[in-house]
Amino acid sequence: MIHDKPPLVRPAFGRRAAVAFLVLLPFVVHGLWDLVEARRLRARIDAIAASGAPMATRRSWQLSAPAAEADRYYRAAAALLTGVRIKTARPDEYADALAYVDRATDLPFEGFAPGTSYSYLSGDMVSLMLFCERRAIDRAERGDADGAFASLASAARLTRTHPWATTPRLESVRRVVTQATPSAAARARTVRAFADIDRPNSAAESLMLNRALLLEQLSSDEVSSRRPRIDDWLWRPWTDHLAVRRLDEYAALLADQAPPSRDAMTDSLVAMWGGLQKRQAMIHCEHHLVAGASTVCN
Amino acid sequence: MTDAELEALLGRYRPVGPGTGLRRRLLVSRVTQWLPAAVAFVLAALLYLSASTQRLYIGARLPAMPPITLAPQPEAMQQP
């Protein structure tokens with residue numbers, strides 16, 4: 001059989017080229033997606049850095065000497081709470097733990113030392129806050145007004161250890177304030193403790209700190225992704241896409257706008273933002289109450 | 001017959017190879033068939049390289065995680 005235009009190369013050669021192209025095409029698409037998401041993430045991170053918002057949950061990982069003391073006292077108190085049943089336990093059963101909390105109250109707190117934090121530590125701090133409130137009520141009922149206010153100060157200062165924690169402290173403060181009349185010095189100390197945490201933009205500060213946690217998580221992922229892992233590499237654009245979505249949600253909430261998209265994570269973030277705003281109002285109210293003002297708080 | 005005469009005689013009957021045109025046509029045909037795959041390869045490599053550069057930048061902007069050696073040592077935990 002004679003062809004007018006015989007093939008110049010073997011047909012198998014052309015087939016191999018087509019297969020190679022088809023194999024490489026998904027890599028082109030994946031690479032393009034990877035680049036787009038990386039650029040989007042970079043733009044978000046640049047915007048956060050340019051705004052001056054915190055990129056990390058703390059400024060320095062090296063604690064000053066008094067802050068290191070406070071860190072040790074708080075962790076010692078948490079260690080003494082092991083196995084506590086918060087609903088039934090009485091504060092006097094954990095007097096040793098609360099003594100450590102009291103020792104840390106007047107010290108500066110810069111965070112827990114690196115490598116010492118664990119997931120239950122936050123829960124222990126909230127439990128200690130609740131115990132301090134119960135102890136304040138007990139002392140107020142016994143007529144120990146200065147002790148009751150000191151315990152409220154310890155509860156307020158514990159807020160530093162967990163910027164996202166909310167406790168039903170307002171009711172405790174109301175009860176103590178109505179039952180106890182402390183000395184001027186005891187009241188002044190407690191007012192100082194509440195003044196430290198009563199800031200007009202504390203809700204936004206806490207949300208930005210929460211976003212800094214996400215950035216720290218991203219940083220940790222970035223370090224781990226330097227190890228060649230095929231699944232990390234494959235899903236990297238998707239994980240970046242999710243990170244960009246979260247960062248957009250934070251930005252929207254901080255700008256008092258509705259988040260651009262909704263999912264379960266968005267709902268929990270919106271709920272947290274609502275809780276932080278309520279908490280800011282509650283702390284403001286508590287501050288007025290301990291200062292002796294007759295504020296009516298909701 | 002001298003060497004020169006022999007060379008001249010062989011020159012008259014030297015076999016003719018494929019022309020330069022055929023070689024060029026063959027080359028063009030091969031290149032044309034592999035061009036899409038080559039472009040895809042180069043494009044993918046460039047895209048991944050650019051994405052990696054962006055990630056290096058992101059890694060530099062993100063907060064550095066603390067070395068675990070900053071954690072208090074057991075002897076430092078003891079009360080003085």
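Trainee: Which helix does S219(A) lie in?
Mentor: S219(A) sits in helix α8 of chain A; helices here are DSSP runs of H or I with at least four residues, strands are E runs of at least two, and both are numbered from the N terminus. This is a predicted model, where local features need pLDDT of at least 70, side-chain atom pairs count only at pLDDT 80 or more, and totals for chains, interfaces and linings use all residues. Residues are numbered from 1 along each chain as its sequence is written, chains are lettered from A and ligands numbered from 1 in the order in which they are written, and side-chain values use heavy atoms, with hydrogens and water left out.
Trainee: Is S219(A) buried or exposed?
Mentor: S219(A) counts as buried because its relative accessibility is 5%; buried means under 20% relative accessible area, exposed over 50%, and partly exposed in between (1.4 Å probe, protein chains only).
Trainee: And how far is S219(A) from A56(A)?
Mentor: They are 163 residues apart in sequence and 9.9 Å apart in space, C-alpha to C-alpha.
Trainee: New topic: how many residues does each chain put into the contact?
Mentor: Chain A gives 44 residues and chain B gives 36, with contact meaning heavy atoms within 4.5 Å.
Trainee: What about salt bridges across the interface of chain A and chain B?
Mentor: The rule finds three, a salt bridge being a side-chain nitrogen of Lys or Arg within 4 Å of a carboxyl oxygen of Asp or Glu. One salt bridge joins the side chains of R55(B) and D34(A), at 2.1 Å from N to O.
Trainee: Which elements of chain A give two or more residues to the side that touches chain B?
Mentor: Those are α1 (11–51), α2 (65–79), α8 (202–224) and α9 (230–254) of chain A. The largest share, 21 residues, comes from α1(A).
Trainee: Now chain B, how many helices and strands?
Mentor: Chain B has three helices and zero strands. Of its 80 residues, 18% count as buried.
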